[in-house]
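Colleague: I would like to go through some of the labels used for this model. For each one, please give the value and the rule behind the word.

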Amino acid sequence: MTKVMKNTNGELTQRTEDYSARLRRLHEIAVDLLPKYGANWHRHSAVISRREQLARTLYYHELYQNILDVPGVICEFGVQWGATLSTLINLRTILEPFNHSRFIYGFDTFEGFNKISEQDGNLLKVGDYSTLDQFDERLDEILSLHEADAPSSHIKKFELIKGDASQTVGAWLTRNPHAIISMAIFDMDLYEPTKAVLEKIMPRLTCGSILVFDELNYPGFPGETTAVNEVLGLNNIRLRRSAMQPYCAWAVFGE
């Protein structure tokens with residue numbers, strides 16, 4: 001039987017018992033093998049990669065290609081462990097290695113949800129999606145190591161902004177009056193911060209900017225759809241989806 005439930009990290013998931021058992025076994029194998037891979041661990045570890053991870057990478061590759069001719073920075077609102085930020089930095093190195101103006105910004109509390117609204121349903125709780133104490137410092141190191149292998153590596157082209165994005169984005173906009181947002185990724189899951197951030201960044205979008213939403217039309221996270229509808233109006237935008245992601249959707253601003 002398939003059901004919506006929370007895993008040990010407080011994340012919503014739809015899994016059968018057999019599927020969960022396979023994931024647990026792959027995790028056991030990965031923990032055992034990783035120390036044995038040697039210097040090429042980063043290549044050999046792909047043996048335990050799942051289709052979900054590959055699909056996610058292909059999805060962001062598809063999105064990134066749509067902003068190659070759009071000037072501006074990339075903002076991800078809702079970072080958690082930083083998998084998407086790592087993917088974006090590596091995609092930048094592959095797709096536009098000499099575009100040192102494509103800064104990437106990640107906004108997160110790194111402490112999980114700090115408030116749940118009635119628009120968010122009843123499956124979530126405060127603290128879900130938390131990481132570790134001072135994890136932003138560890139993530140900064142990881143992203144710096146990725147960026148070190150890119151051209152113009154002497155220029156740091158990413159920044160983590162810790163705190164409630166609905167509060168920190170205003171100060172970020174003030175500090176960066178030049179910043180056009182070419183792609184804004186909304187992965188905060190919740191109604192209030194999604195609505196607040198979307199409203200605040202609107203003046204920095206250009207025709208061709210991409211707005212990416214990670215949980216649209218998702219019964220487990222109704223607040224994101226509500227926020228998008230209230231700010232943009234679902235009747236006013238053309239939403240697109242990828243065959244590789246069931247609940248992710250994106251729209252081209254101004255289209």
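Modeller: Let us start with Ser152, which sits in the loop between H5 and S5. Keep in mind that this is a predicted model.

Colleague: Why is Ser152 called partly exposed?

Modeller: The relative accessible area of Ser152 is 25%. Buried means under 20% and exposed means over 50%, so Ser152 with its 25% is partly exposed.

Colleague: What makes the phi of Ser152 worth a remark?

Modeller: Phi of Ser152 is positive, at about 55 degrees, and Ser152 is not a glycine. Most residues other than glycine have a negative phi. Gln80 is also not a glycine, and its phi is positive, near 50 degrees.

Colleague: Where is Gln80, and why does Gln80 count as buried?

Modeller: Gln80 lies in the loop between S3 and H4. Its relative accessibility is 16%. The cut-off for buried is under 20%, so Gln80 counts as buried.

Colleague: How do you know that Lys157 is buried?

Modeller: Lys157 has 2% relative accessibility, so it falls under the 20% cut-off and counts as buried. Lys157 belongs to the loop between helix H5 (135-147) and strand S5 (158-162).

Colleague: Which residues is Lys157 in contact with, leaving aside neighbours within four places in sequence?

Modeller: They are Arg92, His100, Arg102, Phe103, Ile104, Glu147, Pro151 and Ser152. Pro97 is 60 residues from Lys157 along the chain, and the two C-alpha atoms are separated by 12 Å.

Colleague: What makes Asp136 a buried residue?

Modeller: Asp136 has a relative accessible area of 16%, which is under 20%, so Asp136 is buried. Asp136 is part of helix H5. Not counting residues up to four places away in sequence, Asp136 touches Phe110, Leu160 and Lys162.

Colleague: What makes H6 roughly parallel to H7?

Modeller: The axes of H6 and H7 come within 9 Å and cross at roughly 15 degrees. That angle is under 35 degrees, so H6 is roughly parallel to H7. The crossing of H6 and H7 is right-handed. Ala165, Ser166, Val169 and Leu173 of H6 make the contact with Pro193, Ala196, Val197, Lys200 and Ile201 of H7. These residues divide into 7 nonpolar, 1 polar and 1 charged.

Colleague: Which residues of H7 are buried, and what covers them?

Modeller: In H7, the buried residues are Tyr191, Pro193, Thr194, Ala196, Val197, Leu198 and Ile201. Their cover includes S3, helix H6 (165-175), S6, S7 and H8.

Colleague: How do you know that the span of H3 is close to the expected one?

Modeller: Helix H3 (residues 51-65) has 15 residues and reaches 21 Å from its first C-alpha to its last. At 1.5 Å a residue, 21 Å is expected. The buried residues of H3 are Ala55, Tyr59, Tyr60, Leu63 and Tyr64.

Terms used
Residues are numbered from 1 along each chain as its sequence is written. This is a predicted model: local features need pLDDT of at least 70, side-chain atom pairs count only at pLDDT 80 or more; totals for chains, interfaces and linings use all residues. Side-chain values use heavy atoms; hydrogens and water are left out. Helices (H or I, at least four residues) and strands (E, at least two) are DSSP runs, numbered from the N terminus. The expected span of a helix is 1.5 Å times one less than its number of residues. Buried means under 20% relative accessible area, exposed over 50%, partly exposed in between (1.4 Å probe, protein chains only). Contact means heavy atoms within 4.5 Å. Axes are lines fitted to C-alpha atoms, for helices over the stretch in contact, and angles run from 0 to 180 degrees between N-to-C directions. Angles under 35 degrees count as roughly parallel, over 145 as roughly antiparallel, 65 to 115 as roughly perpendicular and the rest as oblique. A crossing is left-handed if the near helix is turned anticlockwise from the far one by less than a right angle, and right-handed if clockwise. Ala, Val, Leu, Ile, Met, Phe, Trp, Tyr, Cys and Pro count as nonpolar, Asp, Glu, Lys and Arg as charged, and the others, Gly among them, as polar.
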